[in-house]
Amino acid sequence: MNRLHLMILIVSTMLFTSCLLPYAFSVSVEEPLPVIPYANSHIETIQEIDLHYQLYGPISGDDPLVLLVHGLGASSTSFSSTAEFLQEHGYTVVAVDLPGFGYSSRSTKFDHSQENRARFLWSLADEIGGTDRVWHVVGHSMGGGAVAAMAVLDPDRVVSVMLIAGALEDENRIAGHLLRFPSIARWTQLFLERSLVTEEEVAKILETAYGRPAESHEVSSYLKPLQLPGTARSLTRMVSRAKSMPFSFLEELSMPIGAIWGDEDTIVPMEKAYEIHEHINHLMLYTIEGAAHIPMETHPTVIHPMLLDFMQYAETRVQ
């Protein structure tokens with residue numbers, strides 16, 4: 001055997017081994033939710049997907065409802081203080097866990113495109129409040145893309161849209177293509193379960209997102225849902241199949257649209273807000289000095305009055 005043939009054999013063996021080796025290790029699969037996590041928890045099953053949400057306040061009445069949608073890796077608990085604040089000011093609030101996150105289903109068959117997420121969220125809204133209720137929709141980071149898509153799909157039922165560090169574009173195109181290879185997806189799932197979803201790593205991620213060290217209860221609120229069986233499979237599926245709506249769709253929206261950004265956000269920097277403004281001339285941009293990526297958790301006393309004033313302004317536009 002000459003040197004060329006030997007090199008081909010070695011490379012072929014390495015490739016073959018790297019494709020098969022990850023399957024020698026197990027990756028958890030989705031299991032039924034063991035307990036209802038919170039006193040105000042509810043589960044709504046839509047097309048065989050269990051959506052978990054927290055409800056703050058009564059559904060009765062005709063006033064606008066508020067839907068809060070979290071970002072990547074988070075859950076409805078990232079909006080806990082915001083939901084309580086809005087409830088205290090007379091609003092009924094729904095904070096939802098998107099499929100694959102929090103305490104919602106982790107089906108690997110779910111279509112994580114912004115448009116499909118929006119359809120699911122509208123189905124949830126219909127089940128909660130009926131088909132005639134109107135909504136304020138608030139989305140953080142990845143959730144911003146979902147609520148913007150909701151406004152595009154049914155603008156007549158949206159009183160206002162608020163984007164908190166809204167990520168409206170898919171930034172993981174290369175990773176998405178790579179994760180369509182089964183062996184790469186498997187390696188990624190193993191890495192997520194064994195190396196990334198740990199107390200130490202989540203604390204590091206939150207320190208960047210918060211702009212300060214995370215406290216133990218903050219780390220725990222993120223870590224517990226991420227450790228539920230099936231999360232790694234669902235996350236890799238999401239990244240491989242995520243699809244954004246074109247910015248051009250936003251140009252047709254006429255309802256009040258706001259954006260709240262921390263000026264020290266390194267995950268979705270302020271430049272993204274300016275890009276959105278180029279497509280939405282009537283965007284109302286609020287900046288929080290010294291805040292990073294999750295201002296509703298780190299700067300609640302600043303962001304909450306901004307959000308309330310914006311929503312009340314939007315309501316005067318429809319009266």
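**Salt bridges, helix packing and local backbone features**

In this predicted model, E201 has a relative accessible area of 23% and is therefore partly exposed, since that class lies between the 20% limit for buried and the 50% limit for exposed residues. The salt-bridge partner of E201 is K204, with the closest N and O atoms 3.5 Å apart. K204 is likewise assigned as partly exposed, because its relative accessibility is 43%. Both residues belong to helix 7 (residues 199–210), where a spacing of 3 residues separates E201 and K204 by about one helical turn.

Side chains of opposite charge can pair when their charged atoms come close. The count of salt bridges in the model comes to 7. One of them joins R119 to E115, with an N to O distance of 2.7 Å. These two residues are 4 apart in helix 3 (residues 114–129), so about one helical turn lies between R119 and E115. R119 is partly exposed at a relative accessible area of 44%, and E115 is also partly exposed, at 34%.

A further salt bridge links the side chains of K272 and E275 at 4.0 Å, N to O. In helix 10 (residues 270–279), K272 and E275 are 3 residues apart, which means a separation of about one helical turn. K272 is partly exposed, with 22% relative accessibility, and E275 is partly exposed, with 29%.

Helix 2 (residues 80–88) and helix 12 (residues 300–318) have axes that come within 10 Å and cross at roughly 50 degrees. The two helices are therefore oblique to each other, and helix 2 passes helix 12 in a right-handed crossing.

Positive phi values occur at two non-glycine positions described here. Q47, with phi near 50 degrees, lies in the loop between strand 1 and strand 2 (49–56) and is exposed at 64% relative accessibility. A165, with phi of about 50 degrees, is placed in the loop between strand 6 (158–164) and helix 5 (173–178). A165 counts as buried because its relative accessibility is 1%.

I164, in strand 6, is buried, with a relative accessible area of 1%. The C-alpha atoms of I164 and M142 are 9.5 Å apart in space, the two residues being 22 apart in sequence.

On the surface, a nonpolar patch is formed by L33, I36 and I43, which together have about 230 Å² of accessible area.

Technical notes
Residues numbered from 1 in each chain as written. Predicted model: local features only at pLDDT ≥ 70, side-chain atom pairs only at ≥ 80, totals over all residues. Heavy atoms only, no water. Patch = residues over 30% accessible without salt bridge, like charges linked within 9 Å, V, L, I, M, F, W, Y side chains within 5 Å. Areas by Shrake-Rupley, 256 points an atom, 1.4 Å probe, with all protein chains shown as cover. Buried < 20%, exposed > 50% of the residue type's maximum accessible area, 1.4 Å probe, protein only. Axes fitted to C-alpha atoms, helices over the stretch in contact; angles between N-to-C directions. Parallel < 35°, antiparallel > 145°, perpendicular 65-115°, else oblique. Left-handed = near helix turned anticlockwise from the far one by under 90°.
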